[in-house]
Each structure stands twice: as C-alpha cells, then as structure tokens.
Amino acid sequence: MIDLASPFLKALLKHSKSPIVIFKVKPILVVVEHNDAYQALIARVGGKLKFYDIDIIPNLLSDAEKKNLVKTVQTVSELKAKRTLVIHPIYSNSPNVKWELEFSPVLQNDRPVEYLICSLREIPIDENDLEHILFELSESEARFRGFFEQAPLGMCVLKGPELITEYANDNILKLWGKSRKEVIGISQEEARPELEKQQALVKQQALVKRVKDIFKNEQPLTINELKLSTPVSDGYFIAFYEPLKNDKNEVTRILVIIKDITEQVNFKKELLKAKDILKIAMDASEMGSWNIDLESKQVLLSERAQQIYELENNRLGIEEAKSLISSEDIGHLTSGIRRALHHRNAFNIEYQINLNGISAKRKWLRTAGKAYYNEEGKAVYIAGAVLDITEHKQDEIRKNDFIGMVSHELKTPLTSLSAYVQLLQYKFKETDNDFPIQILDKINVQLKRMSLMIDGFLNVSLLESGKILLNRTNFNLVDLIKTIAEESGMVLPSHFIQVIGLEEVIVNADMEKIGNVINNLIGNAAKYSKKDSLIAIKCEMQKGYAIVSVEDEGIGIRENDMPRLFDRFYRVESPDTKTIAGFGVGLYICAEIIERHQGKIWAKSKFGEGSTFYFSLPTSNNQ
Ligand code: ADP
C-alpha cells in the first residue's frame, strides 16, 4: 500500500520541478495527487482546474485524446510498462502548445497496478517550426488581405458589440466616405456619426441594434435594399452580416459584406413603373391580359379579360377555354398559336367566342401574344392581351356589305354601257369615219379600267367578309403566265413583256384568282415604269414551291414604304405616283389570295432602278 499522506512523498512531489500527477487506476481513473509545477503548467495555458476524474472535466481533452489517455492508462497497468502520450490541451490559449505525458506504473510486487505516476512536459516548438508557422501565418494573412482588398464588394470586420472597425477594404471606405485612419480601431458610432442621421432618414433605427444583437443570437443577418446616402455615394445596397467565432465558439467579430445593387433596384423600379404605365394603357384601351401555363394547362385571366369573356372565374382549364371559341375559328386560332410557338414569334389573331356556350350570343375578339421558354428551350407559358373588337368588326361588316352592294350596283350600268359602246363600234366599223372609232376605243379602255377598279372593291368586300372561296384545279402555271403576258402585251403595247424560266410547273390553285394576281403585278409594273421599258416574268422552282417574279425597270420603292405595300388602301405618296390612278387595294388583294393558297408574297426594290414582286405557291406534289 502506498501512503499518499506520507510527508516524504508530499515533500518529493512539492519539490519536483516537473509537473507530476498521480492517478489511481481503480475502481475509476481519478487524479489523487498533483504538485505545484503541474498547477503552474495548467494555469499557464489558461486552465483553471486540476483534473480529478477525466469524465467530469470533459472540456480538458478532446474526445479522441480522452480515449487515447484511457487506452494508455490501461496498457500501462496491464503491461506494467512505461508509456508516453502527446496531447493538446484544448483550453490552451496557444494553438501550438503540446504536452508529453509519461505514465509510469507504481509497481508493488506482483499485485495489479493500482497507481500511475504521470509526469508532464511541454514539448518545445523548435525554431524552424516556429519560423514556418509564422511564415504560414503571414502568408494566410496576406492572402486574406489580398482577397479583402480586391473583392469587388465593400468588406469590413467589426469587433465586439462596440462595433470597432478592425479591417475595412477600399470599397467600403469609399462607400463610407472615410479614410482608413478615420475608422480603424474606432467604434462605428464614433467614426461614422452620420449613421444616426441616416438611419432616422431611412427609418432603419433598429439596424445598429440588430447588428449588435448578432453577438447574442449568433445568427447571420441580411439587409436587402438598404438605402445609403453619403456625400460620396447614394444608392441601394445589400448587406450581409456574418458572425465570426473564436476557438471557444464565441462570436467575437462580424464580417460585413456590402454590395451595390442600385442598378438592380432602379431597374426593378423602372420595371414597376413600366408595368404601371402598361396597366394604365391597358385599362384605357379596355384591354385584358391572359396567361396560359403550359405545364398545368391552366388559363389565368386578368379582371378585364374575365369581363370580356363574361366568366365568373378568372382561372379555367385549357379545354374549357377552347370550348368558348366558335367552331369556325378554333382551327385557325390554335394553328396560329402553334405556328407562332414553332417559329418562336408573336401572334395576332381575330376570332369569335360564344358567350356562355350560346352560339347566338357572340363576340369578336383580337388577341396578341407570345410564348416564353425555359433554359432548355421548352415553352413554359404563353401570355398576351385580348381586346373586344365586336363593335369595330360589326362596323367593318356593315362597311363591306355597303361597298359590296354599291360596287355591284355600279357594275350593272357599266355592263350596259360596255354593250352600247360595242354596238356603236360595230356600227362605225362599217363606215369610213375613223374619228368615232378612235373615241369609242378610248371609251372602252376607260370602261375597262373602271370595271377593274369596281372588281377590286368587290373583291375586298368579299375577302373581308370571308365570302371568297377557292375553286382549285391542277393547271400549268407557266401556261397561265404566258396567256396573261400575251393579253397584257396587247393592252399594254407601251412595254416589252418577256416570260422566262421553266416551261411547266403544275399547281393546284384557283386559276382565275392566280390570274388576277399576275395581272395585277404586271399592271403595276407597267403603271410604275416608263414607256418602252422591260417587264420580265419568271417562273422557277424552289424547295417544292413555284416562285413567280415580275420585274420592272420602273421608279422603284423607298425602303420605308416596303413594309406597308401589302396593306389595304396603302399608296406610296410621292410626286411620281400622284398622277397615277389607283386605290391601293391591288397588292392587298394579291396578298390575301396568295396567303389563302398557303403561299407567300413579297417584294424587292431599289429606289429609282426598279422593283421585283414575288409570290410563291406550293406545287401539286407538295400539297
Ligand atoms: P395602287 O392601286 O395604288 O397601284 P397597289 O396595292 O397595287 O395599289 O399598290 C400599292 C402601292 O405600291 C402603289 O400605290 C405604289 O406606290 C406601290 N407599287 C406597287 N407596285 C409597284 C411597282 N411595280 N413599282 C413601284 N411602286 C409600286
């Protein structure tokens, strides 16, 4: 038995310069004695307690080291041999302090080991190591400073609840309008007295308090759209406040990162303003808006759109929405939207709806919109505007009916007049008197012009009321061009008309109406070019389409007139065209006829040099 109370042992322990601890191994591992040197060692690294039972002083060692210590003690007691162990006391102020613990068993004959003597030694850090550590430290500090300085953001570190600025990079200094000297080592409130004024200004009195609270609640803080007005900067910022902890897990500092988001905020404000203006414009024009979510297949209507459709709900399924469209128009509405989706462009379509599913109660609507795609290029929703055009449409229908009726009424006396003129021509041909024959020829030309114009109006009214029907047959387009060119040659002896290109192109189309188109284009080519100039008509094939072009050497068309050429009643206003008769419906009718044949019509021109008008038609084998 060892007598721990023996004065000899006590004196030995007390006078030993190396720190010594005596452990009792059983029943549990406890410290039964230690000397002053040990006490001093503990105090030097910031520890307060000596350890008695390693389980009740858990913060002395890390879990892994605790396990190691227990294992070492076991080995020493079982093998009755010395063992050493290196540990790092975790409450140490210095991260590089290490202790070497040497355990020696107190041997008492053959009895199991009851006590261990543990002497502790601080491991000296060799000089190279120290240099290396210092180098590493300065390197990482330089890296940190570099990152800090070069960051395109304002950054600073505030220490303690007094918010003393420890670091601040150039960006944040610029933002504060301060020099480094004015802020480093000084509390925020002292260094930046304007804060108080500014906070009152932006109603963020609580901000400093909230930042200080981070030391208590240890939670990061983000302040969005923080408005700052300093003599040097004025704008919106987003500020992140990140708590920084020491190795005892206490928040000692706050890392502040501030990013200028003035542009984004202003953009957002502009956007809101634009949205507002758009809303005013839409309200003023009584336009509604809608949105189709292609994934959920739900249609969402604005209040006005809901009124237009006279619905009780502003949300409905896509199939329900389709059922409101009149049966005549559902086809061209869906195919128009599908085409726009495919080509990724906008659509603008007129259609009728049956109110409450009753076809007798109808409205005419015009809708314009476009699809929006996700990153993978998939259409996710379609959005647009809708306008009730019933009144306008009814006016148009009345006007078309009127034009149709007047044109029709005008044609009857004109036909009689033509017949009388022909009779007179016939009569005078039997005499030798040339004068009346010449006059009658001129009357005939004018009658034909008048008749053509009236036909034009009749066609417009028929087209617009949808009463024009195509009478399709298969025929050789080149033959038709040649026949018309020949006839035109007789009517227009003033120009050279030439047909070039292919000999046979079979199309399935309305021969009479395509004839009207060719006639119109040749007529215009002659109307807008000088006497004796050339008109070349060509027929070619391109990707399953017949392409017909009518080229002249005339006055040409200015670039800014080009987009509206095919509009109804559009005429180029210039001194050259002033004296040329016309109503601006010819090209409009041509475009309508060609589009109904699933073809296209377009023009190219150089002002002062001539124009070429083209149209395409699908050929028979492309149908
Ligand atoms: P218009 O009855 O006025 O000829 P169109 O619809 O046929 O009506 O043509 C519209 C306008 O396009 C014309 O007023 C004219 O200014 C211009 N235009 C048409 N064809 C030609 C051409 N071949 N050369 C120059 N200008 C043309």
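**The ligand and its surroundings**

In this predicted model, 20 residues surround the ligand, and the closest are N524, Y528, D552, R571 and L587, where a residue counts as near if one of its heavy atoms lies within 4 Å of the molecule. The model is a prediction in which local features need pLDDT of at least 70 and side-chain atom pairs count only at pLDDT 80 or more, while totals for chains, interfaces and linings use all residues. Residues are numbered from 1 along each chain as its sequence is written, and side-chain values use heavy atoms, with hydrogens and water left out.

Polar contacts are pairs of N or O atoms within 3.5 Å. A polar side-chain atom of N524 lies 2.8 Å from a ligand oxygen atom, and a polar backbone atom of L587 is 2.8 Å from an oxygen atom of the ligand. A ligand nitrogen atom, in turn, is 3.4 Å from an N or O atom in the side chain of S611. Of the 530 Å² of accessible area that the ligand has on its own, the protein covers 97% (Shrake-Rupley method, 1.4 Å probe).

By class, the shell around the ligand holds 10 nonpolar, seven polar and three charged residues (Ala, Val, Leu, Ile, Met, Phe, Trp, Tyr, Cys and Pro count as nonpolar, Asp, Glu, Lys and Arg as charged, and the others, Gly among them, as polar). At least two shell residues come from each of α17 (511-527), α19 (586-596) and β23 (610-618), and α17 gives the most, with three; helices (H or I, at least four residues) and strands (E, at least two) are DSSP runs numbered from the N terminus.

**Helix packing**

Helix α17 also packs against helix α16 (residues 477-491), at an angle of about 45° and with the axes 10 Å apart; axes are lines fitted to C-alpha atoms over the stretch in contact, and angles run from 0 to 180 degrees between N-to-C directions. The two helices, α16 and α17, are therefore oblique to each other (under 35 degrees is roughly parallel, over 145 roughly antiparallel, 65 to 115 roughly perpendicular and the rest oblique).

Helix α14 (residues 390-429) and helix α15 (residues 434-464) pack at about 160°, with their axes 8 Å apart, which makes α14 roughly antiparallel to α15.

Definitions and conventions: A polar contact is a pair of N or O atoms within 3.5 Å; within protein, one must be able to donate a hydrogen and the other to accept it, and residues adjacent in sequence count only if both atoms are side-chain atoms.
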